[in-house]
Amino acid sequence: MTMVFLNKEIRDGDNPDLTEERKTATFDTNKMAEVIYGSEKLARRRREISQAVSLIPELADSKPLPFLSRNEKILESTRKVTALNEHLPRLINMNDEDEAWHIHSEVIGFEGNPLALHHSLFIPPLVIQGSDEQHEKWLGRAKRREIIGCYAQTELGHGSNIRKLETTATYSLSTQEFILHTPTINALKWWPGALGKSSNHAVVVASLIIKEQNYGPHLFMVQIRDEQSHEPLPGIAVGDIGPKMAFNGADNGFLGFNNFRIPRGNLLNRHCNVEVDGTYVRPPHDKMNYAGMIRVRSRMAAEQGTFMAQALTIAVRYSAVRRQGFLENKSQEVKVLDYQTQQHRLFPAIARSYAFIFCGFETIQKYETLQNEMNSGNVSLMADLHALTSGIKSVVTYQTGEGIEQARMACGGHGYSMASYISEIYGCAIGGCTYEGENMVMLLQLARYLVKSVELAMRGKPGDLGPMVAYLAYPDIKVDLVTGPEAYVKMFQHISKRQSIKATEKFHRKMESGVSRDEAWNQCAVELTRASRLHTRLYIIETFIRRVDSIEDLSIKMVLTDLMNLHLNYELLDVASYALEDGFMSSTQMGFIKNQLYSSLEKIRPNAVSLVDSFQFSDLQLRSNLLNFLFQVLGRRDGHVYQNLFEWAKSSPLNQTEVLPSVTQYLKPMMEKAKL
Ligand SMILES: CCCCCCCCCCCCCC(=O)SCCNC(=O)CCNC(=O)[C@H](O)C(C)(C)COP(=O)(O)OP(=O)(O)OC[C@H]1O[C@@H](n2cnc3c(N)ncnc32)[C@H](O)[C@@H]1OP(=O)(O)O
Ligand SMILES: Cc1cc2nc3c(=O)[nH]c(=O)nc-3n(C[C@H](O)[C@H](O)[C@H](O)COP(=O)(O)OP(=O)(O)OC[C@H]3O[C@@H](n4cnc5c(N)ncnc54)[C@H](O)[C@@H]3O)c2cc1C
């Protein structure tokens, strides 16, 4: 099996319809991959990792995953992740999180695995919140996978409102221990990934109580299972929460404590502390304990963009080999990718995938700056990044869900089959609307920041506005969209600014009319979330433009400019009513945007397959590999869809016998009875 992804690579035996598409590309997909992943080296490393994985048979799925029961899925994902563990040091740079993410996604797919959260949610809070001494004690063991961990914050009764978490960690002055307790059923930890059956350690978030005073949520390192027997330790109740919409290769779990004691040194205390005599040492920022969540959210734009890109790779390749119906030439049916409706369904989502990945890289860099600043005691960037990542997390997860669902529909009936793999991608990605902060809740967090910024602008203090919101004080000057991207940005700024101001004014009016602040906020909440979405979409547009501006290779710049123009017109059209409402946009401009959008679709068409090829997902990653089984078939790089769909169906366990017990036990007796 060849795993090399050369541009316009023509391989003997590939579906000629896909080969034809690759020949029309105006750019080199390897060069594009460098832009997507950040450098020649990073893109090459991904290819090398894919290649290496493809040569290790034990890392391939041993059975088609959609046909497995939940227990079998967990067993299979555990087999693969432990086999992978043996190879990891040879295959990746163990300190490179992106390489780790990539290789796990190759080997595991979207189903999840019992170590799914170990690297993304257990080790990071330990790094961020743990002291050097605590790193010494646990970090090495965690990195070597001597222990397996998870992040246990959410409870049965509370997830969004962390301040109301009911699990308590009460400091015992006499024994210098914390006593962890679950006072009610509602207080059971509920949802943490890998908690149910796999982890033997957890970073537990509990309300810290000292001398009957509640200091709010804090993070504790807790051993929950015996390292030898893997039995829960006395005082701990733990288990799996049952099957989910997707991600069923992971064991999301519940956890309860019955006056379970841990040493004082298990409070993660890099930024705060409880001294022996019970004195509480405050962190430099009230929400320091939430820093880990900012980190995860900052990574979500790139992650989700990649999820959507995988679904689109499947849908676009399939659309280039699927022929149905006629255009002018009645002697041959057309590729469905030639229909304008199909292009309109898929191409704006391709543009969003690129936009999210570009935006994601900027956000991750911003987080890294924050992390460095926090380490030297400067927390001034936290509020801005919390607001930004709250918005980005919400907008990208929602739009990714939309994009993946459109990809599924674009594959017609076969998109609905699990052979497409799109439902698994969707199920995993859409969880992002909920996990790491429910989207509405996070949009309202950003809205707090926007309202405060508008208030500053209203008070005539535009100089106090941060760079991300400086536009809230800009004057309204009409723009001519023909002049290019900057004019689109200005139009978007006007729309976003106007909505933020409108929502703030409404909020103020409500309060002036005597409604309490909280109630007024709730009565304006829909308008506030709209402001947050617009602000975030504007930010994503700006990062897209910045990235395209920075590109030197002309052929890449040209195709990305087409994609960016498509994005600008699609996004602006989607929110045009806001600008038509106050006459800032004319109906002529609206017509212009539509025409630009349709012409962008035509420009993208010859490059569509190569734009998705450029993500360089291996067939294994898309579950299209042929190594042992035919798991997913629609997105195959070689485009041979139909015969593999048939093979896939034949491998269904239902087809291993001609007459099922359902027939002998029920249908046959029913039919026999009817004959009497
Ligand atoms: C390839 C396949 C791979 C598969 C991958 C799939 C993996 C799946 C993995 C799944 C993994 C899933 C893993 C999981 O899901 S882990 C669980 C994640 N849980 C959450 O995200 C919970 C969401 N809730 C919260 O974060 C808090 O409760 C919020 C923030 C909503 C309110 O909180 P609180 O009630 O305490 O605050 P307040 O509203 O009174 O606001 C007060 C002030 O505080 C400021 N503030 C708030 N927060 C921050 C902050 N962080 N930095 C700086 N500032 C912050 C805020 O701006 C405000 O400022 P001001 O306005 O007053 O000035
Ligand atoms: C796949 C998956 C993996 C997860 N992994 C983990 C994990 O590893 N560790 C962990 O600790 N947790 C995990 N979680 C839990 C997750 O973080 C929470 O479910 C999430 O934060 C949402 O909280 P909730 O369930 O309490 O939702 P709720 O807050 O109950 O949401 C229900 C509805 O109420 C609305 N709502 C709530 N509060 C407000 C408000 N203030 N204003 C307006 N509307 C509001 C929401 O918008 C939503 O529509 C996971 C969840 C999922 C789905």
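1. In which sense do S7 and strand S8 pair, and over how many bridges? S7 and strand S8 (residues 253–257) pair in the antiparallel sense over five bridges, where strands count as paired if DSSP finds at least two bridges between them, and where helices (H or I, at least four residues) and strands (E, at least two) are DSSP runs numbered from the N terminus. Within this pairing, Asp 240 has Gly 253 of S8 as its bridge partner.

2. On the basis of the note: this is a predicted model, in which local features need pLDDT of at least 70 and side-chain atom pairs count only at pLDDT 80 or more, while totals for chains, interfaces and linings use all residues. Residues are numbered from 1 along each chain as its sequence is written, and chains are lettered from A and ligands numbered from 1 in the order in which they are written.

3. The pairing of point 1 belongs to an open sheet of three strands, which has the order S4-S8-S7 and antiparallel pairing. Its edge strands are strand S4 (189–190) and strand S7 (236–240), each of which pairs on one side only.

4. Strand S5 (residues 201–210) and strand S6 (residues 213–223) are joined in a hairpin with two residues between them, and they pair in the antiparallel sense over nine bridges. Ser 207 has Pro 217 of S6 as its bridge partner, and Lys 211, in the turn, has a positive phi of about 45°.

5. Ligand 1 is surrounded by 27 residues, of which the closest are Ser 105, Tyr 290, His 386, Tyr 435 and Gly 437; a residue is counted here if its C-beta atom, placed from the backbone, lies within 6 Å of the molecule. Two or more residues of this shell come from each of helix H8 (291–321), helix H10 (382–410) and helix H13 (439–458). By class, the shell has 13 nonpolar, ten polar and four charged residues, with Ala, Val, Leu, Ile, Met, Phe, Trp, Tyr, Cys and Pro counted as nonpolar, Asp, Glu, Lys and Arg as charged, and the others, Gly among them, as polar.

6. Around ligand 2 there are 23 residues, the closest being Gln 153, Thr 154, Gly 159, Ser 160 and Met 440. Strand S1 (149–152) and H13 each supply at least two residues of this shell, and the largest share, three residues, comes from H13. The shell divides into eleven nonpolar, ten polar and two charged residues.

7. The axes of H10 and helix H16 (residues 525–549) come within 9 Å and cross at roughly 90°, the axes being lines fitted to C-alpha atoms, for helices over the stretch in contact, with angles from 0 to 180 degrees between N-to-C directions. H10 is therefore roughly perpendicular to H16, a term that covers 65 to 115 degrees. Gly 391, Ile 392 and Val 395 of H10 meet Ser 532, Arg 533, His 535, Thr 536 and Arg 537 of H16, contact requiring C-beta atoms, placed from the backbone, within 7 Å.

8. UniProt, in an unreviewed entry, annotates residues 28–148 as "domain: Acyl-coenzyme A oxidase N-terminal", although such annotations may be inferred rather than shown by experiment. In the model this span is 68% helix and 0% strand, and its end C-alpha atoms lie 42 Å apart.

Conventions
Parallel < 35°, antiparallel > 145°, perpendicular 65-115°, else oblique. Contact = placed C-beta atoms within 7 Å.
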